[in-house]
Amino acid sequence: MITKNKTKEVVKEKFTEYLTANGHRKTPERYAILDHIYSTEGHFDLETLYESMGRENFRVSRATIYNTIDLLLDCHLVLKHQFGKNISYYEKSYNNDNHHHLICTECGTVREIKDKSIARIISNKKVTKFKPVYYSLYMYGICSTCSAAKQKQIKNNPNKL
């Protein structure tokens, strides 16, 4: 398994190659954003990323974050998700195993799961003229916390259905 530090070195190298090949500037802010993303776990939205970087005393503008995310998406170092809200969520993509997302339609919580049986089915599926590199599965439903709250509400107010 590749260590977190090795992963950060590799993604920095890939990002540098991308920036050079496409004539973009190699700024400390862009590298700080990349490092921050690859230092944290899970999904994030751009406002959370902005606030998180500010808490760590690295001041970067929202515009720089938005522009850098576009570059990271273009060079495939970040993935973008829409979990049914009007907010885009992102996650690092390099050295990030395929996983599935369970999205609660009540509270919006997103949980990741890995299921080897689903992975086997997908890897065994032959798709003509296409080589899968990454996949994502979204499952929408009600989490156990929201389900319990609904059951409690029904129990306490049986006439309010």
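## A tour by salt bridge, core and helix

Select Glu-106 and Lys-150: their side chains meet in a salt bridge, 3.4 Å from N to O. A salt bridge here is a side-chain nitrogen of Lys or Arg within 4 Å of a carboxyl oxygen of Asp or Glu. The pair links distant parts of the chain, 44 residues apart. Glu-106 sits in the loop between strand S3 (99–104) and strand S4 (110–113), and Lys-150 in helix H6 (residues 144–156). Helices (H or I, at least four residues) and strands (E, at least two) are DSSP runs, numbered from the N terminus.

You are looking at a predicted model, where local features need pLDDT of at least 70, side-chain atom pairs count only at pLDDT 80 or more, and totals for chains, interfaces and linings use all residues. Residues are numbered from 1 along each chain as its sequence is written, and side-chain values use heavy atoms, with hydrogens and water left out.

Now check the surface. Glu-106 is partly exposed, at 44% relative accessible area. Lys-150 is partly exposed too, at 35%. Buried means under 20% relative accessible area, exposed means over 50%, and partly exposed is in between (1.4 Å probe, protein chains only).

How many salt bridges does a search of the whole structure find? It finds four. Side chains of opposite charge can pair when their charged atoms come close.

Go to Lys-8 and Asp-35. Their closest N and O atoms are 3.2 Å apart, in a salt bridge. Lys-8 lies in helix H1 (residues 4–21) and Asp-35 in helix H2 (residues 28–39), so the pair ties together parts 27 residues apart in sequence. Asp-35 is partly exposed, with a relative accessible area of 37%.

Next, pick Arg-62 and Glu-47. This salt bridge spans 2.7 Å, N to O. Arg-62 belongs to helix H4 (residues 62–74) and Glu-47 to helix H3 (residues 46–55), so parts 15 residues apart in sequence are tied together. Arg-62 is partly exposed at 39%, and Glu-47 is partly exposed at 30%.

**Into the core**

Select Phe-15, Ile-33, Ile-37, Leu-49, Ile-69, Leu-72 and Leu-77. Of the 23 residues in the largest nonpolar core, these touch the most other members. Such a core is a set of buried Ala, Val, Leu, Ile, Met, Phe, Trp, Tyr and Cys residues joined through side-chain atoms within 4.5 Å. H1, H2, H3 and H4 each give two or more residues to this core. Which element gives the largest share? H2 does, with six residues.

Stay on Phe-15. Its contacts (heavy atoms within 4.5 Å) include Tyr-31, Leu-34, Leu-71 and Leu-77, leaving aside neighbours within four places in sequence.

Move to His-36 in helix H2. Is His-36 buried or exposed? It is buried, at 7%. Not counting residues up to four places away in sequence, His-36 touches Leu-49, Ser-52, Met-53 and Glu-56.

**Down helix H4**

Colour Ile-65, Thr-68, Ile-69, Leu-71 and Leu-72: they are buried in H4. Look down the axis: the buried residues fall within an arc of 160°, so they line one face of the helix. The arc is that of the directions from the helix axis to the C-beta atoms. These buried residues pack against H1, H2, H3, S1 and S2. Just after H4, find His-76, with a positive phi of about 65°.

**Last stop: Phe-83**

Phe-83 is in the loop between strand S1 (78–82) and strand S2 (88–92). Phe-83 is buried, at 4%. Its contacts beyond four places in sequence include His-43, Tyr-89 and Tyr-140.
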